[in-house]
Amino acid sequence: MKYHEDFFKQFVQFINTADETLAQQLISPEAKFYVPGQSEPLRGPNGYLTIIGMMRSGFSDIQWTLEEMVSEEDKAAIWFTMRGTHDGTFYGIPPTGKSIKVQAMNFYRLALNQIIEEYGQPDLLSLLQQIGAVPKF
């Protein structure tokens, strides 16, 4: 659907800039974000900005590229590639200066032109391997 394409182009702009105005526009105050390692979902625009802040604290130049999207009605599945430099502490791992390229598969539900739910599934194992925190198999 054209609606989803345009919406997620703006969403990628939001996650790549952490623009608070776009956060308010694109994220419902009631939204829930399920993140690996968190027992409770983060909520609303501030919750999403927290996710972005956590990633930027370890990778200040991180950028997401939308690789592919499948959408139907109020749902979308999106394959992203994240790229950045490990220049800050991430999951307790001090900066290594290493570049990362990590895939993520996220699932969204939309209502009234806003995200109301996301299940984020980044390839954390690959990320941790690329910064030397976990041995490669």
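Which rings do ring pairs link into a cluster? I looked this up first: Phe 7, Phe 8, Phe 11, Phe 14, Phe 33, Tyr 48 and Tyr 108 are linked. I took rings of Phe, Tyr and Trp (its six-membered ring) as paired if their centres lie within 6.5 Å; planes under 30 degrees apart count as stacked, over 60 as edge-to-face and the rest as tilted.

**Ground rules**

I note that this is a predicted model, in which local features need pLDDT of at least 70 and side-chain atom pairs count only at pLDDT 80 or more, while totals for chains, interfaces and linings use all residues. Residues are numbered from 1 along each chain as its sequence is written, and side-chain values use heavy atoms, with hydrogens and water left out.

For helices (H or I, at least four residues) and strands (E, at least two) I used DSSP runs, numbered from the N terminus.

**The sheet**

I traced the strand order next. The sheet is open and has six strands, in the order β2-β1-β6-β5-β4-β3, with mixed pairing. Two strands pair if DSSP finds at least two bridges between them. β2 (42-43) and β3 are the edge strands, each with a single partner, so one side of each has no neighbour in the sheet.

Helix α3 (residues 44-58) packs on this sheet and touches β1 (27-34), β2, β3, β4, β5 and β6. I counted contact as heavy atoms within 4.5 Å. The direction of α3 makes about 50 degrees with that of β1. Axes here are lines fitted to C-alpha atoms, for helices over the stretch in contact, and angles run from 0 to 180 degrees between N-to-C directions.

**Two antiparallel pairs**

I then checked β3 (residues 63-72) against β4 (residues 75-85). They run antiparallel and are joined by nine bridges. Ser 71 stands opposite Ala 76 in β4. The hairpin has two residues between its strands. Glu 73 sits in the loop between β3 and β4. Its phi is near 50 degrees, which is positive in a residue other than glycine. Glu 73 counts as exposed, at 62% relative accessibility. My cut-offs: buried means under 20% relative accessible area, exposed over 50%, partly exposed in between (1.4 Å probe, protein chains only).

β5 (residues 99-111) and β6 (residues 114-122) also pair in the antiparallel sense, over eight bridges. Ala 111 stands opposite Gln 114 in β6. Asn 113 lies in the loop between β5 and β6. Phi of Asn 113 is near 65 degrees, a positive value in a residue other than glycine. Asn 113 counts as partly exposed, at 47% relative accessibility.

**The core**

Which members of the largest nonpolar core touch the most other members? Of its 35 residues, they are Phe 11, Phe 14 and Tyr 48. I defined such a core as a set of buried Ala, Val, Leu, Ile, Met, Phe, Trp, Tyr and Cys residues joined through side-chain atoms within 4.5 Å. At least two residues each come from α1 (2-17), α2 (20-26), β1, α3, β4, β5 and α4 (124-130). α1 gives the most, with six residues.

I listed the contacts of Phe 14, leaving aside neighbours within four places in sequence. They are Asp 19, Leu 22, Ala 23, Leu 26, Ile 27, Tyr 48, Leu 49 and Ile 52.

**Ring pairs**

I found eleven aromatic pairs in the structure. Phe 8 and Tyr 108 form a tilted one, with 5.0 Å centre to centre and 55 degrees between the planes. This pair links distant parts of the chain: Phe 8 is in helix α1 and Tyr 108 in strand β5, 100 residues apart. Phe 8 is buried, at 0% relative accessibility. Tyr 108 is buried too, at 3%.

Phe 11 and Phe 14 are also tilted, with 6.0 Å between centres and 55 degrees between planes. Both lie in α1, three residues apart, about one turn of the helix.

I checked the length of α3. Its 15 residues should span 21 Å at 1.5 Å a residue, and the end C-alpha atoms are 22 Å apart, which agrees. The expected span is 1.5 Å times one less than the number of residues. Among the buried residues of α3 are Tyr 48, Leu 49, Ile 52 and Arg 56.

Last, I looked at Asn 16 in helix α1. Asn 16 counts as buried, at 16% relative accessibility. Beyond neighbours within four places in sequence, Asn 16 is in contact with Arg 56, Ile 62, Gln 63 and Trp 64.
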